[in-house]
Amino acid sequence: MDYTQALETAVKRLHDEGRYRTFIDIERQSGAFPHAVWTRPDGTTKDITVWCGNDYLGMGQNPTVVAAMQAAIAATGAGSGGTRNISGTTVYHKRLEAELADLHGKQAALLFSSAYIANDATLSTLAVLFPGLIIYSDALNHASMIEGIRRNGGAKRIFRHNDVAHLRELLAKDDPAAPKLVAFESVYSMDGDFGPIREIVEAAEEFGALTYIDEVHAVGMYGPRGGGVSEKLGLAGRIDIINGTLGKAFGVFGGYIAASALIVDAVRSYAPGFIFTTSLPPAIAAGAATSIAYLKGAEGQKLRDAQQLHARILKTRLKALGMPIIDHGTHIVPVHVGNPVHCKLLSDMLLEEYGVYVQPINFPTVPRGTERLRLTPSPVHDPAQIDALVRAMDSLWARCALNRAEASA
């Protein structure tokens, strides 16, 4: 086999389809987010405003968080030095897991190197813990959940997105005595819609199924202490396993699950993705714990309120321009483009001409024909930046529409 030719063909296919992923080289500036500096391929630079980041509340630059990380580095050094079982458990890890358990009202929590690994490792391990387990998965669940369920090797059922009636049909068809688990999300990040959490929990309870919720795009963002949509709805206590991230609203890095002490102990003891991975650096754990504690308080609620306000303002202004935005009431603002080439073109022009950075979202992250720009307003995007974004979108949208019309004439 000509391996080089095979690789070149695979990469060329992405270019031909207009969905080759270009990594934009940016330098975040502490204390100035969402400002950043973009370094072009030719080495020149441009000041930009980041409009697509997952640091939803700007906690990655919060002085209290930064100070906690600096203090932990000074005290312990850079890395953890091992897996959790072999010298990699420190007071910082234990404090962070306690903060997470408290955040979700659970007995215990377990840290992973990312929320992707937390989903994959946990869901793939559950079949070992519950022989014969059937997992019922929402059709739009994140790739990490899909991968964990696939590697689980057990039976799975896919229910239509947010369709609880379909979920109930599937649950009713299976052996009532079989162990079951329903896996779903609270906020689906590409469309920005909420999962019907209460209805899913009620269906799971009726059929004796465990529940597993991915709150990655909701922790820090919803609930009186930032515990996610399940906390906001008062349902966290009825959900068996909560998955979350430390790398989005909390502004740091890592992932976790929160559950009963017994579930956490079992996953801790059986999941290879946990057992054989070096633990988070102590400084990361210190920063994350500080961020969680901060967002549990009054200052955290101020940030959540400001973020929601800015999201509503941006949605209202884009709607007024006739933009095809998808609005399900969450903090995410997707603008539907529907073509990978046009989506990339808009992204490139926003960056080069206006200093607005918003990455195109193409297949396989979203289905073909639903390509979009995904905007994530934050509390630290000021009115002038919102206005500049709206004006840029208005100008380029009209120009691209004219170009398409001329091309088809």
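Hi everyone, let's start with a pair of helices: α6 (residues 164-173) and α7 (residues 197-206) pack at an angle of about 10°, and their axes are 10 Å apart. That makes α6 roughly parallel to α7, since angles under 35 degrees count as roughly parallel, over 145 as roughly antiparallel, 65 to 115 as roughly perpendicular and the rest as oblique. The axes are lines fitted to C-alpha atoms, for helices over the stretch in contact, and the angles run from 0 to 180 degrees between N-to-C directions. Helices here are DSSP runs of H or I with at least four residues, strands are runs of E with at least two, and both are numbered from the N terminus.

Before I go on, please keep in mind that this is a predicted model, where local features need pLDDT of at least 70, side-chain atom pairs count only at pLDDT 80 or more, and totals for chains, interfaces and linings use all residues. Residues are numbered from 1 along each chain as its sequence is written, and side-chain values use heavy atoms, with hydrogens and water left out.

Back to our pair. Which residues make the contact? From α6 they are Val 164, Leu 167, Arg 168 and Leu 171, and from α7 they are Glu 199, Ile 200, Glu 202, Ala 203 and Glu 206; contact means heavy atoms within 4.5 Å. By class, the contact of α6 with α7 has five nonpolar, no polar and four charged residues. In this count, Ala, Val, Leu, Ile, Met, Phe, Trp, Tyr, Cys and Pro are nonpolar, Asp, Glu, Lys and Arg are charged, and the others, Gly among them, are polar.

Now a second pair. Helix α4 (residues 115-129) packs with helix α5 (residues 143-152) at an angle of about 25°, with the axes 7 Å apart. That makes α4 roughly parallel to α5. On the α4 side, the residues include Tyr 116, Leu 123 and Ala 127, and they meet residues of α5 including Met 145, Ile 149 and Arg 151. The contact of α4 with α5 divides into seven nonpolar, five polar and three charged residues.

Not counting residues up to four places away in sequence, Leu 246 touches, among others, Leu 96, Phe 253, Tyr 256 and Ile 292.

Let's turn to Cys 400, in helix α14 (residues 383-408). Is Cys 400 buried or exposed? Cys 400 is buried, with a relative accessible area of 6%, because buried means under 20%, exposed over 50% and partly exposed in between, with a 1.4 Å probe and protein chains only. Leaving out residues up to four places away in sequence, Cys 400 touches Leu 345, Leu 346 and Met 349.

Finally, some backbone details. The peptide bond from Phe 33 to Pro 34 is cis, with omega near 15°, and Pro 34 sits in the loop between β1 (26-28) and β2 (35-39). The bond from Phe 363 to Pro 364 is cis too, with omega near 10°. Ser 87 has a positive phi, near 70°, and is exposed, at 52% relative accessible area.
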